[in-house]
Amino acid sequence: MKSLMIQGTSSDAGKSLLVTGLCRIFREDGYRVAPFKSQNMALNSYITQDGGEIGRAQGVQAEACGIEATVDMNPILLKPKAHMISEVIVHGRHFADMEAFAYRNDFVPQVLPKIQASIDRLSESFNMLVVEGAGSPAEINLKDRDIANMRMADLLDCPVLLAADIERGGVFASIVGTLELLEPHERARVQGFIINKFRGNKELLDSGLVWLEQRTGIPVLGVIPHFEHDIDPEDSLALDALKLKKRDQLTADLDIAVIKLPRISNFTDISPLQEEPSTSVRYISSLRGFGTPDLIVLPGSKNTVQDLIWLQEQGLADAIRAAHAKGTRVAGICGGFQMLGEQLHDPESVESTCATLDGLGLLAASTTFYADKRTIRNRGQLLGPFAGHEVEGYEIHLGRTERHGAEPFLQFASGEQDGARSADGTVFGTYLHGLFQNRAFTRQFLNGIRAEKGLPPCGDEVTSEAERREQSYHKLAVHLRQHLDMDRLYQILGSWNGVNRT
């Protein structure tokens, strides 16, 4: 099995997107290709067909490969939960909540066999692995316990391409500095550089590229221009980039306010709203600029109790209730749904030491937290005013919600009912992540708000989510082929014989 690893000089250097594009290219070129990231830290996760939880990037990369994602593609997932504490997920299942020091010193030395087992299973089905690193390989204070960068390159005996984000500034220093901090046998694995997120005239960069190649003896395989795309991000750092897509609120028909919770998770639920015509989506975290939105969305949270307390302390809980009383619609997904109820109960201290907490009281329902996590893909039919719409998505949550007079929002194919909605239809909540990716429902839902404002509807014709994703992966592959020296890359893969290890 051939393998190629993309590492970065920093976090958010664009590694995930590069791996996604390469996965699609290798698929188009006839390889049976799969993605791999040994250890990922992310709050946006992906649910595999069998209910395993992995990093969202690896799920997206598997889609680009045209295959079903498996837990072997991301055997270790870390989900930050509180200060210096993360949930550790091993092969798709909850393993433990661990403090950073204990994870690094006690857990990491024991986990390599599990990672090796994943690689062995992948090698039985695929002949190409595109591997993503994490952060930087040159974090000298962490290298002795790093299981996501050069140790993986050693384990797979694969060449490494080093990607750098030119938007950050100091791109040449970041590349050369990273190389200087690597051990000789690690530097020998670096076979090419990719300068990512470039804007401007490439000719102005050419002299620097010549210097870099002369200084290091390593070729620059590509300068990748900044690429606008609709491919799901996994890191909350991407929220800053999402703001760039915000439409002019003065010309948009609809104003949607998304509460930017401190522990926001699976914020990709919001992306389809940003893509709707004549719609402005803005993230708010304070009363300043709260305004009079047409729709308020409470997204998922990694710690619902703590984020609800924050919501109350910021005065946003009262503001949401007041806005609803004046006609604003409110929607909640997963943790946001739990907040919309009357009370949250945590008798086993699953999320906090707060046994009972009042919710926003906009839905006649209450939630009790239990230690067992529900992770499942699901599909069903909406009820009430949206009856007839078939929707699909996934669930990732602790806790069970009981309705106390509220109507259910949807019914799954299993017969199980989910979510809740108010009698007047102005508030709903659901555990189904990916709800708004069901584009026909989203268009009808927003057109209903337009009708209430006396505005004409947008057209009913929408592109399916599956087709949108395919188009995005194809466009990314075309973009990379235009700016990446694929002939040189294939030469590296063909001639790679490994390096002497020290």
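**Cavities, a pocket and helix packing**

A search of the whole structure finds 2 cavities of 30 Å³ or more. A cavity is a set of points, on a 1 Å grid over the protein atoms alone, where a 1.4 Å probe fits but cannot get out. This is a predicted model: local features need pLDDT of at least 70, side-chain atom pairs count only at pLDDT 80 or more, and totals for chains, interfaces and linings use all residues. Residues are numbered from 1 along each chain as its sequence is written, and side-chain values use heavy atoms, without hydrogens or water.

**Largest cavity**

- The largest cavity holds about 190 Å³ of space. A volume is the space filled by probe spheres set on the grid points, which are joined across faces, edges and corners.
- It is lined by 17 residues, and Ser301, Lys302, Ile396, His397 and Leu398 are the closest to its centre. Lining residues have an atom within 4 Å of a point.
- Strand S17 (300–301), helix H12 (335–340), strand S21 (365–382) and strand S22 (390–403) are the elements that give two or more residues to this lining. Helices (H or I, at least four residues) and strands (E, at least two) are DSSP runs, numbered from the N terminus.
- S22 gives the most, with 3 residues.
- By class, the lining of the largest cavity has 4 nonpolar, 9 polar and 4 charged residues. Ala, Val, Leu, Ile, Met, Phe, Trp, Tyr, Cys and Pro count as nonpolar, Asp, Glu, Lys and Arg as charged, and the others, Gly among them, as polar.

**Second largest cavity**

- About 30 Å³ of space lies in the second largest cavity.
- Its lining is made of Pro385, Phe386, Phe409, Arg421, Gly425, Val427 and Phe428.
- That lining divides into 5 nonpolar, 1 polar and 1 charged residues.

**Second largest pocket**

- The second largest pocket holds about 890 Å³ of space. A pocket is an open set of points with protein on both sides within 12 Å along at least five of seven lines.
- Of its 32 lining residues, Glu63, Arg377, Glu392, Glu465 and Arg469 lie nearest the centre.
- Strand S4 (45–47), H2, S21, S22, helix H13 (439–452) and helix H14 (465–483) each supply at least two lining residues.
- The lining of this pocket has 10 nonpolar, 10 polar and 12 charged residues.

**H1 with H2**

- The axes of helix H1 (residues 15–28) and helix H2 (residues 56–65) come within 8 Å and cross at roughly 20°. Axes are lines fitted to C-alpha atoms, for helices over the stretch in contact, and angles run from 0 to 180 degrees between N-to-C directions.
- H1 and H2 are therefore roughly parallel. Angles under 35 degrees count as roughly parallel, over 145 as roughly antiparallel, 65 to 115 as roughly perpendicular and the rest as oblique.
- Ser16, Val19, Thr20, Cys23, Arg24 and Arg27 of H1 meet Ala57, Val60, Gln61, Glu63, Ala64 and Cys65 of H2. Contact means heavy atoms within 4.5 Å.
- The residues of this contact divide into 6 nonpolar, 3 polar and 3 charged.

**H1 with H14**

- H1 and H14 pack at about 90°, with their axes 8 Å apart.
- The two helices are therefore roughly perpendicular.
- On the H1 side, the contact residues include Leu17, Leu18 and Ile25; on the H14 side, they include Tyr473, Leu476 and Leu480.
- The contact of H1 with H14 has 8 nonpolar, 3 polar and 5 charged residues.
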